[in-house]
Amino acid sequence: MEEKKKRSPKQIAALICVVILVSMYIVTLVVACLDFSGSGRLFAACLVASIGLPILLWIYIWLYGKVKDRRNNAEDGRLED
């Protein structure tokens, strides 16, 4: 039997970000091929999200590490900044 690996919150957040980005690209491609009105705005939003989502993910992972480290230090009886 294989043991199931427990996914960390960092991995889950990264996976969600990848799914959002890929689905956004697919929707943008379909809208551009079908020539809907507003496809230019959707493309611009896709470009902004392609930069913004990874940055927001990095901030989330960074803050998660800080909060987790602070919690571990408090449990150990150490208070560090």
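**View 1. Two helices and zero strands make up the secondary structure of this protein.** Helices (H or I, at least four residues) and strands (E, at least two) are DSSP runs, numbered from the N terminus. What you're looking at is a predicted model, where local features need pLDDT of at least 70, side-chain atom pairs count only at pLDDT 80 or more, and totals for chains, interfaces and linings use all residues. Residues are numbered from 1 along each chain as its sequence is written, and side-chain values use heavy atoms, with hydrogens and water left out. Of the 81 residues, 12% are buried (under 20% relative accessible area, with exposed over 50% and partly exposed in between; 1.4 Å probe, protein chains only).

**View 2. Helix α1 runs from residue 9 to 34.** Its 26 residues should span 38 Å at 1.5 Å a residue, and the end C-alpha atoms sit 37 Å apart, so the two agree (the expected span is 1.5 Å times one less than the number of residues). Buried along α1 are Ala13, Cys17, Leu21, Met24, Thr28 and Val31.

View 3. With a relative accessible area of 9%, Thr28 counts as buried. Leaving out residues up to four places away in sequence, Thr28 touches Leu42, Phe43 and Cys46 (contact means heavy atoms within 4.5 Å).

**View 4. Now for the cysteines Cys17 and Cys46.** Cys17 is buried at 10% relative accessible area, and Cys46 is buried too, at 5%. Searching the whole structure turns up zero disulfides (pairs of cysteine sulfur atoms within 2.5 Å).
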